[in-house]
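These notes are for a colleague who is opening this structure for the first time. Please keep the model in view while reading the points below.

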Amino acid sequence: MKKPILVILAAGMGSRYGGLKQMDPMDEYGNALLDFSVYDAIRAGFEDVCFIIKHEIEHDFRTMVGDKLLKHINVRYAFQELDKLPEGIELPEGRTKPWGTTHAVLCAKEQIDAPFVVLNSDDFYGPQAFKTAFEFLAQHKDANEHAIICYKLSETLTDYGSVNRGVCSVSDGRLRDIHECIGIIKQDDSAVYTDADGKTVELPLDSSVSMNFWAFNMGIFGELERTFPTFIAEAIKINPLKCEDYLPEAVRRGMAADRLIVHACTTPDKWIGVTHKDDKLMVMREIQKLKDGGLYPEELWN
């Protein structure tokens, strides 16, 4: 049985951040947050990483990220391109926005020949999350049995603005649903967001939330191929320039049809991320604290 593959979503532009934050250095040695994810994955047992990027950033990405990792892990690339669509679906005129994380994973199918973990390039997840995901895939072999790594909401908030989080409904160790909450704002002892009806809703700080960290067996491809074409064909009719299909929604469709089993695995790690430009200085301070505490060497790759 092949070891799981680490798959990192790195094709997005980061509209709220204002640039290619997946390559933005977060320490004085030029390491981006995805460097810390790869480092933690190697420590957990991963031997292969696949970066999902766009052709237009390939040269810079290889130079700044991929090439320095070659001595430490096998590096693969997959490309999320706008015109890579299911048969019968045409690219809408004027479309420049990617089709979402479901599409990104489907674009990487040819590069993935083993169970895999998929996550964002611009989030710091912590070492325990990778160990938990690796061990899950080692123990669960059913093609349609998967896992989500859940965080406490309190460990995923920023002081510099609002965040979007998928709040997870969990029972008996299984994910039952994900509700996307937009514009969550941190308060003294709680968090709030405004729902679709304009009402302010309070969220408990110990709520389980998704940070788009998934552990998938190979059966997920059949599920995504089953539902993505229909979803996107209908979505194009409503919003041809901006519609996207996200992994949580694709997983929800599979769970609703009883085709997928998704375990909810928790991690005590604190998320660190750069949703907003003002987050960067805070993130750099937090990374340095982790180095000072011995969790990471001062220079990751030397």
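1. Buried here means under 20% relative accessible area, exposed means over 50%, and partly exposed lies in between, with a 1.4 Å probe and protein chains only. By that rule, 53% of the 302 residues of the protein count as buried.

2. The model is predicted, so local features need pLDDT of at least 70 and side-chain atom pairs count only at pLDDT 80 or more, while totals for chains, interfaces and linings use all residues. Residues are numbered from 1 along each chain as its sequence is written, and side-chain values use heavy atoms, with hydrogens and water left out.

3. Seven helices and 13 strands make up the secondary structure of the protein. Helices (H or I, at least four residues) and strands (E, at least two) are DSSP runs numbered from the N terminus. The radius of gyration is 19 Å, close to the 19 Å from the globule rule for 302 residues, so the protein is as compact as a globular protein of that length. That radius is taken over C-alpha atoms, and the rule is 2.2 Å times the number of residues to the power 0.38. Along the principal axes, the C-alpha atoms fill a box of roughly 50 × 45 × 45 Å.

4. A contact means heavy atoms within 4.5 Å. Of the contacts in the protein with a separation of 6 or more, 75% are between residues 24 or more positions apart.

5. The accessible surface comes to about 14000 Å², and 48% of it belongs to carbon and sulfur atoms. Accessible areas come from the Shrake-Rupley method with a 1.4 Å probe; for residues, only the protein chains shown count as cover.

6. Which residues of helix α2 are buried? In α2 (residues 58-69), they are Phe61, Val65, Gly66 and Leu69. These residues cover an arc of only 85 degrees around the axis, which puts them on the same side of α2. The arc is that of the directions from the helix axis to the C-beta atoms. As background, an α-helix has 3.6 residues a turn, so residues three or four places apart point the same way. The cover over the buried residues of α2 includes α1 (33-44), β2 (48-53) and β3 (74-79).

7. Gly66, in helix α2, has 0% relative accessibility and so counts as buried. Neighbours within four places in sequence aside, Gly66 is in contact with Phe61, Val75 and Tyr77. Gly66 and Glu81 are 15 residues apart in sequence, and their C-alpha atoms are 19 Å apart in space.

8. Trp99 sits in the loop between β3 and α3 (101-107) and counts as buried, at 0% relative accessibility. Its contacts beyond four places in sequence include Leu82, Leu85, Phe228, Ile232 and Cys243.

9. Most residues other than glycine have a negative phi. Asp172 is not a glycine, yet has a positive phi of about 55 degrees. Asp172 is in the loop between β7 (163-171) and β8 (174-186) and is exposed, with a relative accessible area of 75%.

10. Asp258, also not a glycine, has a positive phi of about 60 degrees. The loop that holds Asp258 runs between α6 (247-256) and β12 (261-266). Is Asp258 buried or exposed? At 73% relative accessibility, Asp258 counts as exposed.
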